[in-house]
Amino acid sequence: MGARPLLNRRLAGMGTTIFAEMSALATATGSINLGQGFPDTDGPEEVREAAVRALREGRGNQYPPGPGVPELREAIAEHQQRFHGLTYDPDREVLVTAGATEAIAAALLALLEPGDEVIAFEPFYDSYAACIAMAGAVRVPLTLRQPAFRPDLDELRSLITPRTRLLLINTPHNPTGTVLTPEELAAIAELAVEHDLLVITDEVYEHLVFDGAHHPLAALPGMRERTVAISSAGKTFSFTGWKVGWVTGAPELVAAVRTAKQYLTYVSAGPFQYAVAEALRLPDAYFAEFRAELHRKRDLLAAGLTEAGFRVFEPQGTYFITTDITPLGEKDGIEFCRALPARCGVVAIPNAVFYDRTEIGLAQVRFAFCKRESVLREAVERLHRL
């Protein structure tokens with residue numbers, strides 16, 4: 001097969017994800033997995049029963065419509081109006097995807113051409129880098145620096161060049177937990193309009209904001225027609241394995257994303273789409289109670305990590321807490337995380353894998369708190385052995 005590498009050069013260095021490696025390590029060592037962001041309990045029983053009912057009634061067992069089942073598209077449009085005051089046509093401006101991950105991939109593959117530049121917050125969720133690479137585009141990091149992890153808007157302006165095609169905005173932000181303020185969003189919107197940039201917003205943690213509030217960028221002047229907004233059911237309803245996500249945006253943007261999406265999965269999660277339609281219509285009390293529960297868990301784990309000797313950067317949202325391990329006498333988060341299961345039976349994720357310039361985040365380690373409180377307490381007890 002010659003000297004040419006088998007793996008496409010654009011994906012060089014993007015082998016097994018850190019999540020797969022650390023989850024396998026958790027299984028092999030019997031450790032508590034605070035690495036990958038998935039809950040250890042299922043979501044609402046009525047939502048699970050809705051999926052069972054759809055299966056039994058034969059709804060979604062065959063290929064659903066390419067854009068998603070009408071019931072779900074209508075529920076997504078209702079959700080955007082109910083929570084954000086945004087009006088979308090469910091037939092032309094909503095697209096159902098195989099989780100937010102496929103939505104991100106389809107949007108980037110649809111909207112980018114080789115050589116285009118994409119500005120994204122660093123540290124960034126690992127699929128961003130892979131999808132930008134697969135599109136042949138160039139990622140340009142805007143680094144969020146500890147301890148505040150706020151975007152430097154002057155730096156953002158300086159990063160824009162004639163080759164800049166798109167801004168990839170993640171708020172609430174994984175892994176830092178930063179939630180963009182209305183002032184920050186307004187400044188980003190002004191830059192996007194001034195330079196005629198497209199914007200993709202990853203908003204999967206929109207219902208998990210503990211300090212402040214989530215404000216969609218698409219609601220700002222001049223942004224609806226240039227913004228592809230992405231979210232999903234996994235994080236909000238604790239059914240991450242169902243992989244039901246969605247895109248909302250102007251008809252031309254959604255049509256472009258749908259063109260790429262149809263050659264990825266085509267369709268997915270038929271019966272689950274009907275269940276998610278019901279989930280999105282749950283009363284406000286569900287969303288408030290879910291957020292309050294995760295808020296308590298954040299505070300529990302943050303206090304425990306502080307007591308164990310970590311420097312804790314308290315997140316405003318998401319499932320995750322970023323810490324600094326230097327107070328423990330450690331410098332390398334990757335080696336620290338690989339050794340942690342043997343040392344005290346806990347798995348975490350090194351933030352360095354989310355940076356292009358790994359040295360910036362080398363001492364940062366991320367812990368997930370979307371677990372049962374008893375599990376978090378046991379993890380904290382184990383971490384005290386450090």
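Which residues form one aromatic cluster? That is a friendly way into this predicted model, and the notes below start there.

1. **The aromatic cluster.** Phe83, Phe237, Tyr286, Phe287 and Phe290 make up one aromatic cluster. Within this group, Tyr286 and Phe287 have ring centres 5.3 Å apart and planes at 75°, so their pair is edge-to-face. Tyr286 has 15% relative accessibility and counts as buried. Phe287, at 3%, also counts as buried.

2. **Another aromatic pair to look up.** Across the whole structure, a search finds 18 aromatic pairs. One of them joins Tyr205 and Phe320, an edge-to-face pair at 6.1 Å centre to centre, with 80° between the planes. Tyr205 sits in the loop between strand 6 (198-202) and strand 7 (227-232), while Phe320 belongs to strand 10 (residues 320-324), so the pair ties together parts that are 115 residues apart in sequence. Both Tyr205 and Phe320 are buried.

3. **Helix 5, buried or exposed?** Of the nine residues in helix 5 (residues 126-134), seven are buried, so the helix is largely enclosed by the rest of the structure. The buried residues are Ser127, Tyr128, Ala129, Ala130, Cys131, Ile132 and Ala133. Their cover includes helix 4 (99-111), along with strand 3 (117-122), strand 4 (138-143), strand 5 (164-170) and strand 6. Just after helix 5 comes Gly136, with a positive phi of about 80°.

4. **Helix 4 against helix 9.** Helix 4, part of the cover over helix 5, also packs with helix 9 (residues 251-261): their axes come within 8 Å and cross at roughly 105°. That angle makes helix 4 roughly perpendicular to helix 9. On the helix 4 side the contact involves Glu102, Ala106, Ala107, Leu109, Ala110 and Leu111, and on the helix 9 side Leu253, Ala256, Val257, Ala260 and Lys261. Sorted by class, this contact has nine nonpolar, no polar and two charged residues.

5. **Helix 1 against helix 12.** Helix 1 (residues 18-29) and helix 12 (residues 333-344) pack at an angle of about 15°, and their axes are 10 Å apart. The two helices are therefore roughly parallel to each other, and their crossing is right-handed. Glu21, Met22, Leu25 and Thr29 of helix 1 meet Cys337, Arg338 and Pro341 of helix 12. By class, this contact has four nonpolar, one polar and two charged residues.

6. **Two cis peptide bonds.** Where do cis peptide bonds turn up? One joins Glu122 and Pro123, with omega about 5°. Pro123 is in the loop between strand 3 and helix 5. Another cis peptide bond joins Gln146 and Pro147, where omega is about 10°. Pro147 lies in the loop between strand 4 and helix 6 (153-159).

7. **Positive phi outside glycine.** Asp196 is not a glycine, yet its phi is positive, at about 55°. You will find Asp196 in the loop between helix 7 (182-194) and strand 6, and with 59% relative accessibility it counts as exposed. Tyr266 is another residue other than glycine with a positive phi, near 65°. Its place is the loop between helix 9 and helix 10 (270-279). Tyr266 is partly exposed, with a relative accessible area of 40%.

How values were computed:
Residues are numbered from 1 along each chain as its sequence is written. This is a predicted model: local features need pLDDT of at least 70, side-chain atom pairs count only at pLDDT 80 or more; totals for chains, interfaces and linings use all residues. Side-chain values use heavy atoms; hydrogens and water are left out. Axes are lines fitted to C-alpha atoms, for helices over the stretch in contact, and angles run from 0 to 180 degrees between N-to-C directions. Helices (H or I, at least four residues) and strands (E, at least two) are DSSP runs, numbered from the N terminus. Angles under 35 degrees count as roughly parallel, over 145 as roughly antiparallel, 65 to 115 as roughly perpendicular and the rest as oblique. A crossing is left-handed if the near helix is turned anticlockwise from the far one by less than a right angle, and right-handed if clockwise. Contact means heavy atoms within 4.5 Å. Ala, Val, Leu, Ile, Met, Phe, Trp, Tyr, Cys and Pro count as nonpolar, Asp, Glu, Lys and Arg as charged, and the others, Gly among them, as polar. Rings of Phe, Tyr and Trp (its six-membered ring) pair if their centres lie within 6.5 Å; planes under 30 degrees apart count as stacked, over 60 as edge-to-face and the rest as tilted. Buried means under 20% relative accessible area, exposed over 50%, partly exposed in between (1.4 Å probe, protein chains only).
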